[in-house]
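The following exercises are intended to be worked with the sequence and the coordinates side by side.

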Amino acid sequence: MARRKRSYALRFCYLALLLAVLGLTWLTLSSSYRYADSSLVMQAQRQAEMGKVFFSVFSLFSIGAMMLIGPVLTSTAIGSERLRRTFDVLLMTPISAWQLVGGKLFSRLLTAFTLIGLSLPVLAIVRLLGGVELDDMFGSLALAMSAAMSSAAIGLLLSCWIKRAWAVILLAYILQGLIYGLLPTLSVVVLMQMYTSNRAPGAMRCLEVLTALNPILTGILKIEGPRGMFAVSWWVTTAIQVGFAVLLTLLAANVVRRIGRRDFSGGGATTAPLPKSPVPVLPAKPEPASPAPPPLPYAPVAVRTQAKARSVSDNPVLWRELRRPLFPRRWMKVTAALSTIGLLLLSYLCFSFDHGALWQDEVQIGYAFVMHTLLLLMGVVLSATAIATEKESDTWTLLIVSPVGGQSVMWAKFIGVLRRLFWPWMVVLLHVALFTLTGVLMVWASLIVLVVTITFNLPWIAVGCYLSLRVNRVTTAVVLSLLAPVAIYGLIPMALLSIQYGLRDWERSEVAELSLYYLPYWYLGEGIDRLMGNRNYGYSFGNNIDARSFNLPFSDGRSPATFLVALTLIAGLIQTIIACLIVWWSGRRFDKLVHRAR
């Protein structure tokens, strides 16, 4: 497994991304950390500061990457065995359920631990620069490894219940977002409000416990947090994460044991028992046949009830993709709907409790960022597994031998992913409509949010479909699809911002603006911040506010609503064209990639 091409590709992408982030961090800090014309003490102090910054970037990058990679590695641990019908064979071997799930978990974690080991030279550079203790270095590595264990255990447990890899990955990301993102944020908002109002003396203690349960908060507060506020420790959080992983693994072993009992209890065929004595049993004497009934004066007509026929279109792949739901079972749909509505209402209540923060632009921008990121993750995972799942099952051969062109297959997969994202996007629509009707957001701000959440995800869905066609394994396709938006949205702006040092002021401002035009978060932030409904900006395109007062480029004499909406529509149109070109190009190379004759 370690010598496969996808393992080398994963290692190369991980190290390239880490080195690129560290290199851009050094370029950003090099202009302010100039060692010429400085004393030796000042040089040592600045080197220590740079070492601390490098250590912070490395720690947060490692923890976040392990939490993203962990569920992907174990998403096919048990589900793929059930799809290929080899799970029953494993259960018949003299291997216990604990050995089965433990072997699956640690064999997949070997890839994650290898990535952490390959990045150890970065800590050697940090040690040479100074500013970081050895205890913090080992604690950061231990926390990253424990985060990989807990996230991989979540994917392993979900893989016992769900066969499809894309469903396991999406559900694991959603659960991690709830456990480590949404619920801690709401808890911090409520506890800080109670602490400042002196209504709960133990609120700070609750915040300390909450920090110890969250590896991301531990990494942030341990590195950059105020000293003396929280007594956070690397090792306490590491022990909690390892215990959480062991608990989930034990639960997965119990689920595997129950599945085995259920399959073998009623799956076998019933046979007649053997006789206890060797005496042969004589056959029974046949009874005389009864006389035949008299013939009827008419022949009875058998009435058959035919099922309602369903018409199939000329494109069977598109017909099938349009009927594939996001959640295949009713209980999944009900659970997802109730959970989404409950979490939204809970967040509304918590932010309203904090002096009406729900009506502030920062909170609305946060909602837009979170919803767009969730749609991005769902689109990437669904598209990356659209064709790779077919390859791992028995339906890929049937799809290849069918007289269906490559363009039809690729466009059908692309439209099918959009169809499954319809209900998540409806949640965004309902959220935006609620705050538009209450006057918090302007109509044009809501339009910007809806356009951005749709169009800016189209290229990544197209890229995921191409990678799903190009790569044979689901995990590799998902990892590469996740790395693509991270590299484009993260590395290119940092590279553009890092080269602006040494330029003149007007050139620096143009470079900074250039790095923001293709980012969806810039449009979401500007659209909500500039067009909040609770401000006296007006609700029409014809307001008399000069857009130059908002520091927006190329907006002489135009209203902010006119400029922002026009710019968003143009950017959305460009994103749509890029997505269509990627899908068209993938369909054009379909036969060559799958080695099929035209």
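The exercises below concern a predicted model.

**Exercise 1. Helix α7**

Task: Determine how the reach of helix α7 (residues 134-161) relates to the span expected at 1.5 Å a residue, and how many of its residues are buried.

Solution. 
1. Helix α7 has 28 residues.
2. From its first C-alpha to its last, α7 reaches 42 Å, which is close to the expected 40 Å.
3. Of the 28 residues in α7, 22 are buried, and the helix is accordingly described as mostly covered.

**Exercise 2. The surroundings of Thr218**

Solution. 
4. Once neighbours within four places in sequence are set aside, the contacts of Thr218 are Leu143, Thr211, Ala212, Ser233 and Thr237.

**Exercise 3. The surroundings of Ser75**

Task: Carry out the corresponding analysis for Ser75, stating where it is found and which backbone oxygen its side chain reaches.

Solution. 
1. Ser75 is situated in the loop that joins α2 (40-74) and α3 (79-83).
2. With a relative accessible area of 0%, Ser75 is buried.
3. The backbone oxygen of Val72 is reached by the side chain of Ser75 at 2.9 Å.
4. Not counting residues up to four places away in sequence, Ser75 touches Ser159, Ala165, Val168, Ile169 and Thr475.

**Exercise 4. Cysteines**

Task: Count the disulfides, taking a pair of cysteine sulfur atoms within 2.5 Å as the criterion, and classify Cys13 and Cys160 by accessibility.

Solution. 
1. By this criterion, the count is zero disulfides.
2. Cys13 has a relative accessible area of 23% and is therefore partly exposed.
3. Cys160, at 0%, is buried.

**Exercise 5. Aromatic pairs**

Task: Count the aromatic pairs, then describe the geometry and setting of the pairs Trp411 with Phe414 and Tyr489 with Tyr521.

Solution. 
1. The model contains twelve aromatic pairs.
2. Among them, Trp411 and Phe414 are 6.0 Å apart centre to centre, with 90° between the planes. Because planes over 60 degrees apart count as edge-to-face, this pair is edge-to-face.
3. Trp411 and Phe414 are three residues apart in helix α17 (residues 406-420), so about one helical turn separates them.
4. Trp411 is partly exposed at 28% relative accessibility, whereas Phe414 is buried at 6%.
5. Tyr489 and Tyr521 also form an edge-to-face pair, at 6.5 Å centre to centre and 80° between the planes.
6. This pair links distant parts of the chain: Tyr489 is in helix α21 (residues 474-498) and Tyr521 in helix α23 (residues 520-530), 32 residues apart.
7. Tyr489 is buried at 14%, and Tyr521 is partly exposed at 24%.
8. Tyr489 and Tyr521 belong to one aromatic cluster together with Phe369 and Trp460.

**Exercise 6. A charge over a ring**

Task: State which ring the charged end of Arg11 sits over, and give its distance from the ring centre.

Solution. 
1. The ring is that of Tyr8.
2. The charged end of Arg11 is 5.5 Å from the centre of the Tyr8 ring.

Conventions:
Residues are numbered from 1 along each chain as its sequence is written. This is a predicted model: local features need pLDDT of at least 70, side-chain atom pairs count only at pLDDT 80 or more; totals for chains, interfaces and linings use all residues. Side-chain values use heavy atoms; hydrogens and water are left out. Contact means heavy atoms within 4.5 Å. Helices (H or I, at least four residues) and strands (E, at least two) are DSSP runs, numbered from the N terminus. The expected span of a helix is 1.5 Å times one less than its number of residues. Buried means under 20% relative accessible area, exposed over 50%, partly exposed in between (1.4 Å probe, protein chains only). A disulfide is a pair of cysteine sulfur atoms within 2.5 Å. Rings of Phe, Tyr and Trp (its six-membered ring) pair if their centres lie within 6.5 Å; planes under 30 degrees apart count as stacked, over 60 as edge-to-face and the rest as tilted. A charge sits over a ring if NZ of Lys or CZ of Arg is within 6 Å of the ring centre and within 35 degrees of the ring normal. A polar contact is a pair of N or O atoms within 3.5 Å; within protein, one must be able to donate a hydrogen and the other to accept it, and residues adjacent in sequence count only if both atoms are side-chain atoms.
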